[in-house]
Amino acid sequence: MKKITLLGSTGSIGHNTLEVIRQHRDQYCVQALAARGNVDLLLRQIEEFQPPYVCIFDPALRDTLQSRLTTDCEILTGLEGLVEVASHPVDMVVNAVVGAVGLHPLLAALEAGTPVAVANKEPLVMAGRYVMEKSIAHDAPLLPVDSEHSAIFQCLQGFESRDVRQIHLTASGGPFYRCSLEEMRQISPSQAMSHPTWDMGTKISVDSATLMNKGLEIIEAMWLFGLELDQIRVVIHPQSIVHSLVEFIDGSFIAQLGPADMKLPIAYALSYPSRLVLSNTRMDLTDMATLTFDKPDCKAFPSLDLARQAARCGGTAPAILNAANEEAVAAFCASAIPFLAIADIVARTLDESESSSAYDLEAVLAADREARLLARAHIKSTSESYPPC
Ligand SMILES: NC(=O)c1ccc[n+]([C@@H]2O[C@H](COP(=O)([O-])OP(=O)(O)OC[C@H]3O[C@@H](n4cnc5c(N)ncnc54)[C@H](OP(=O)(O)O)[C@@H]3O)[C@@H](O)[C@H]2O)c1
């Protein structure tokens, strides 16, 4: 029986992880669940999976959760609570919270020597070198959950990094790929949150719409697979069937295909190196009309180049990129700035911040803090000069 701690259990990845566990209750049990504030769903999950520990990030909700608990379960709160549950001895931590808040629990799990299934990509973007050093030092592997990185991981089984010429990360293009500039000026948060092929949380849906998600994934792939920036290409593949490809030095490509269902990469991370039976995940190749691959339009979607710029700079630049993006996406979701301002705010924050080559935790956290202040100032002036309609 493998013990699993699931951070971000009430989100989209959390929901899918529990569905995989539900289908394999004979192999997996839940040691801890963590969420930010969705008490109702968290209570239902506690009742079903009976974890001995739970963390609710918002301390004000502790009493509400306690008063409605019908099972014996210790409640922790705040970042300390997240870090504590992540450091308990378990077989795997699934990190499925969203944003930079996942960095400390990720490090806590690695320091405890626990393998981590990584959905929460932002910490790897912010502090990739530092995180990889921790993973190696504590012999605690990182198993990719992002569908593209899981695909690359699967294609690489049995090969060495010297066999790889480059990797090709596929991107659906998001809901606005062929939209005109005029149409993009009018995009509302609810339009940006509805993705054509994947059912995901708010932040990653907006990141997919700007293509920043693919930019973050480039940086994530550099660290997970030890690749140079120039070895990572992005191709637009609107069908979301080919989840990514590895191109080898002899000119061969190996791709991983499957339905657009996050249960597949989650199950692979949980059961690696073997596989789990999953229900309702069959795909009929003859149902597919065509599979297409296009070059990304980096002019219409500048976020991709911004991420490449930060990756090329290295040091604290990716932390600055990530912080500015988190702030800008939150402001867009609150209807404070227009869609097109997201990339603009990230670009200005990146340009005006002083990045350094340091990559230790202190430097990364300082860069994150300062970039958020700068981004908020840009958000304020943008929202004043471009009030939303
Ligand atoms: N969704 C996908 O298909 C997908 C695919 C690849 C990678 N990812 C990555 O996986 C991560 C999660 O994405 P998602 O789509 O599942 O997001 P989501 O649906 O928004 O869920 C986020 C989860 O994190 C929890 N959370 C947020 N802040 C927290 C905090 N401070 N402390 C504890 N829990 C906190 C939320 O709790 P509440 O519900 O209580 O707010 C929720 O359970 C992201 O980094 C994303 O980039 C997602």
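1. Ground rules. This is a predicted model, so to speak, with local features needing pLDDT of at least 70 and side-chain atom pairs counting only at pLDDT 80 or more, while totals for chains, interfaces and linings use all residues. Residues are numbered from 1 along each chain as its sequence is written, and side-chain values use heavy atoms, leaving out hydrogens and water.

2. The sheet. Seven strands make an open, parallel sheet, in the order E4-E3-E2-E1-E5-E6-E7. Strands E4 (74-77) and E7 (142-144) are the edges, each pairing on one side only. On average, neighbouring strands are turned by 25° against each other, direction ignored. For the terms: strands (E, at least two residues) and helices (H or I, at least four) are DSSP runs numbered from the N terminus, and two strands pair if DSSP finds at least two bridges between them.

3. Strand E1 and its partners. E1 (residues 2-7) pairs with E2 (residues 28-35) in the parallel sense over six bridges, and Thr5 stands opposite Ala32 in E2. E1 also pairs with E5, again parallel, over four bridges; here Leu7 sits opposite Asn95.

4. Strand E5. E5 and E6 (residues 116-118) run parallel and are joined by three bridges. Both faces of E5 are covered, with Met92 and Val94 buried on one side and Val93 and Asn95 buried on the other. Buried here means under 20% relative accessible area, with exposed over 50% and partly exposed in between (1.4 Å probe, protein chains only).

5. Helix H4 on the sheet. H4 (residues 78-87) lies across E1, E2, E3 (53-56), E4 and E5 (92-95), and runs at about 125° to E4. Axes are lines fitted to C-alpha atoms, for helices over the stretch in contact, and angles run from 0 to 180 degrees between N-to-C directions.

6. The H1/H2 pair. The axes of H1 (residues 12-23) and H2 (residues 39-49) come within 12 Å and cross at roughly 20°. Leu18, Ile21 and Arg22 in H1 meet Gln45, Glu48 and Phe49 in H2, with contact meaning heavy atoms within 4.5 Å.

7. Helix H14. Of the 17 residues of H14, 15 are buried, so the helix is largely enclosed by the rest of the structure. The end C-alpha atoms of H14 (residues 317-333) are 24 Å apart, which agrees with the 24 Å it should span at 1.5 Å a residue; the expected span is 1.5 Å times one less than the number of residues. Just after H14, Ser335 takes a positive phi of about 60°.

8. Helix H11. H11 (residues 212-225) has 14 residues and reaches 20 Å from its first C-alpha to its last, close to the 20 Å expected. Since 13 of its 14 residues are buried, H11 is largely enclosed by the rest of the structure. Gly226 follows H11 and has a positive phi, near 60°.

9. Glu148. This residue lies in H7 (residues 147-155) and counts as buried at 8% relative accessibility. Leaving aside neighbours within four places in sequence, Glu148 is in contact with Leu169, Thr170, Lys214, Glu217, His243 and Ser244.
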